[in-house]
Amino acid sequence: ACPTHPLSEPIMASGKVPSFFSGPRPVVISGPSGAGKSTLLKKLLKDYKGVFGFSVSHTTRDPRPGEVDGKDYHFTNRKAMQEDIDKGEFIETDEFSGNLYGTSKSAVQDVRAKGLICILDVDIAGVRHIKETNLDPIYISIQPPSIEVLEERLRGRATETEEKIQSRLEEARTDMEECNEPGLFDIVIVNSDLDEAYEKLQSVLKEVSLKSG
């Protein structure tokens, strides 16, 4: 697993203003399924209402029961989304199981226009795509302590097929290796204890909030 390393002051205080965005500097959070990323984000958004806002992704898949358009996802069709991708309206996109997913510039700007720090939840491919833009976020990786612990967590959910578990484990191995790449992330938080990981995340994001404010 990746070692935890401090977020350096020069990164925190870069002061760069992206050309197509305004407002507080956003935060990109990435990590494999089962690392605890969603749990940490839900807690963060609940505890810091009025400080952080979540960027709502677009997808061409059908809504699942209980999902709300504009809250869980912006649900759209492939033709419309592809047209917007071609126009350069998306920061990053990917395709899973025949469906497109992506983060639009407008979704990020909607959050930042409210004066909130925008949080984007993307996979490691999305991180690489965002690196090619002038969004200039803070990059945080949430990692499990080991692949064995991750497998326990995934199996403990009892919601996925063996094939899906193996697929997620393979993706996680790649993610855990690539997060070591110099310069890819500003900080890596190893989530061996949820409370400790949350404290580290809060510490980093409080600094971001102060610098943005």
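These are my notebook entries on one predicted model, from the whole chain down to a single residue.

**Entry 1: the chain as a whole.** I began with the overall make-up, and I noted eight helices and nine strands in the chain. Of the 213 residues, 43% are buried, and the accessible surface comes to about 11100 Å², with 49% of that surface belonging to carbon and sulfur atoms. I then looked up the contacts between residues at least 6 apart in sequence, and I found that 70% of them join residues at least 24 apart.

**Entry 2: the sheet.** Next I followed the open sheet of five strands, whose order is β2-β7-β1-β8-β9 and whose pairing is parallel. At its edges I found β2 (52–54) and β9 (187–190), each of which pairs on one side only. From one strand to the next, the twist averages 25°. As a reminder to myself, strands of a sheet pair through backbone hydrogen bonds, either parallel or antiparallel.

**Entry 3: β2 and its surroundings.** I looked up how β2 is held to β7 (residues 117–121), and I counted three bridges between these parallel strands.

**Entry 4: Asp136.** Last, I turned to the loop between α5 (124–131) and β8, where Asp136 has its place. Most residues other than glycine have a negative phi, yet the phi of Asp136 is positive, near 55°. Is Asp136 buried or exposed? Its relative accessibility is 13%, and buried means under 20%, so Asp136 counts as buried.

Key:
Residues numbered from 1 in each chain as written. Predicted model: local features only at pLDDT ≥ 70, side-chain atom pairs only at ≥ 80, totals over all residues. Heavy atoms only, no water. Pairing = 2+ DSSP bridges. Helix = DSSP H or I, 4+ residues; strand = E, 2+ residues; numbered from the N terminus. Axes fitted to C-alpha atoms, helices over the stretch in contact; angles between N-to-C directions. Buried < 20%, exposed > 50% of the residue type's maximum accessible area, 1.4 Å probe, protein only. Contact = heavy atoms within 4.5 Å. Areas by Shrake-Rupley, 256 points an atom, 1.4 Å probe, with all protein chains shown as cover.
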